[in-house]
Amino acid sequence: MPVADRWFVKTQVRDHLSIIVEPSMHFLLRANIWHLRGRDRDLIVDTGLGVASLRTHLPTLFERDPLVVITHAHLDHSGGAHEFDQCHAHPLEHITNPVGGNTLRGRELADQLGLNSAQPVPEWMIKALPHPGYRPQDYTLRPARASRSLTDGQTIDLGDRELTVLHLPGHSPGSIALYDQSNRSLFSGDVIYDLDTDEQLLDDLHGSNIDDYIASMRRLQDLDIDCVYSGHGPVLQRDRCAEIIGTYLRDRTHR
Ligand SMILES: [Zn+2]
Ligand SMILES: [Zn+2]
């Protein structure tokens, strides 16, 4: 397997907001890490898989004692959490006791995650190594150091902006999103995203609940959303977001 030129790629999305991705991951596990610079404090939403060290590759993330929010405990979002002193998550997500893989072998990992993917699963979930000598068979999800609870309605204050926690179960029991009313944007985790493939939103994993997912989507339908910064794939604008919510509700309420 080749060695990746850069394991993490960071791109500025708008003023004060950057996205970090791991392009060498298989697309099912290639989750977005968001870095929002507030006036008083930075916010990091999700932490990637933990294959390579965020502290080594992206030291600027750690400069301003960031507030780290894990939208849910799936390993592609929580794998790097152990590098931070404090991580915030919903109490129903157990990021300190992760259930997860000890290898990046494709089929094993897909089975452990409960992925019933229509896509063929590759032998390895990575296409390149983070550094020479890395052994993908030795990957381990490391427990996060400490987690503080975030529940529905709580707010996160960065000085010049405030985000509200929305508990939106369905994909996982404690999935949360962060809503910024001032610019109608939403950090959504895996509640809503657009992979632009035949993949559906995942609601049949261990811990998923379709009725909860429907209720969460109805709640999002009533929210004024211009822009979604999701856990996977591109930024969603208002119309595409409404379309994905509408499709999900149509498919799942006419079973
Ligand atoms: Zn997930
Ligand atoms: Zn995910």
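**Entry 1. Metal sites**

Which residues are the protein donors of the zinc ion (ligand 1)? I looked them up and found His72 (NE2), His74 (ND1), His171 (NE2) and Asp190 (OD), lying 2.1 to 2.2 Å from the ion. I counted as donors the N, O and S atoms within 2.8 Å of the metal (3.2 Å for Na, K and Ca); water is not among the atoms, so sites may look incomplete.

Before going on, I note that this is a predicted model, where local features need pLDDT of at least 70, side-chain atom pairs count only at pLDDT 80 or more, and totals for chains, interfaces and linings use all residues. Residues are numbered from 1 along each chain as its sequence is written, chains are lettered from A and ligands numbered from 1 in the order in which they are written, and side-chain values use heavy atoms, with hydrogens and water left out.

Along the chain, the donors of the zinc ion (ligand 1) follow the spacing H-x1-H-x96-H-x18-D. I then checked the geometry. The four donor atoms around the zinc ion (ligand 1) subtend angles of 90 to 173 degrees, which makes the arrangement irregular. My cut-offs: four donors are tetrahedral if all angles lie between 85 and 135 degrees; four are square planar and six octahedral if opposite donors are over 155 degrees apart and all others between 65 and 115; anything else is irregular.

His74 lies in the loop between E5 and H2 and Asp190 in the loop between E11 and H4, so this pair ties together parts that are 116 residues apart in sequence. I take helices (H or I, at least four residues) and strands (E, at least two) as DSSP runs, numbered from the N terminus.

Next, the zinc ion (ligand 2). Its protein donors are Asp76 (OD), His77 (NE2), Asp190 (OD) and His232 (NE2), at 2.0 to 2.6 Å. Their spacing in sequence is D-H-x112-D-x41-H. This site is irregular too, with angles of 87 to 157 degrees among its four donor atoms.

What links the two ions? Asp190 bridges the zinc ion (ligand 2) and the zinc ion (ligand 1), which lie 3.4 Å apart. Asp76 sits in helix H2 (residues 75-78) and Asp190 in the loop between strand E11 (185-189) and helix H4 (210-221), so that pair joins parts 114 residues apart in sequence.

**Entry 2. Sheets**

I found an open sheet of seven strands, in the order E1-E2-E3-E4-E5-E6-E7, with mixed pairing. Two strands pair if DSSP finds at least two bridges between them. Strand E1 (9-14) and strand E7 (147-149) are at the edges with a single partner strand each, so one side of each has no neighbour in the sheet.

I looked at one pair inside it. Strand E4 (residues 42-45) and strand E5 (residues 67-69) run parallel and are joined by three bridges. Val45 has Val69 in E5 as its bridge partner.

A six-strand open sheet runs E8-E9-E10-E11-E12-E13, also with mixed pairing. Strand E8 (155-157) and strand E13 (236-237) are its edges; each has a single partner strand, so one side of each is left without a neighbour in the sheet. E8 pairs with strand E9 (residues 162-167) in the antiparallel sense over three bridges. Asp157 stands opposite Glu162 in E9.

**Entry 3. Backbone**

Most residues other than glycine have a negative phi. I noted Asp65, with a positive phi near 45 degrees, in the loop between helix H1 (54-57) and E5. Arg184 also has a positive phi, near 50 degrees. Arg184 is in the loop between strand E10 (176-180) and E11.
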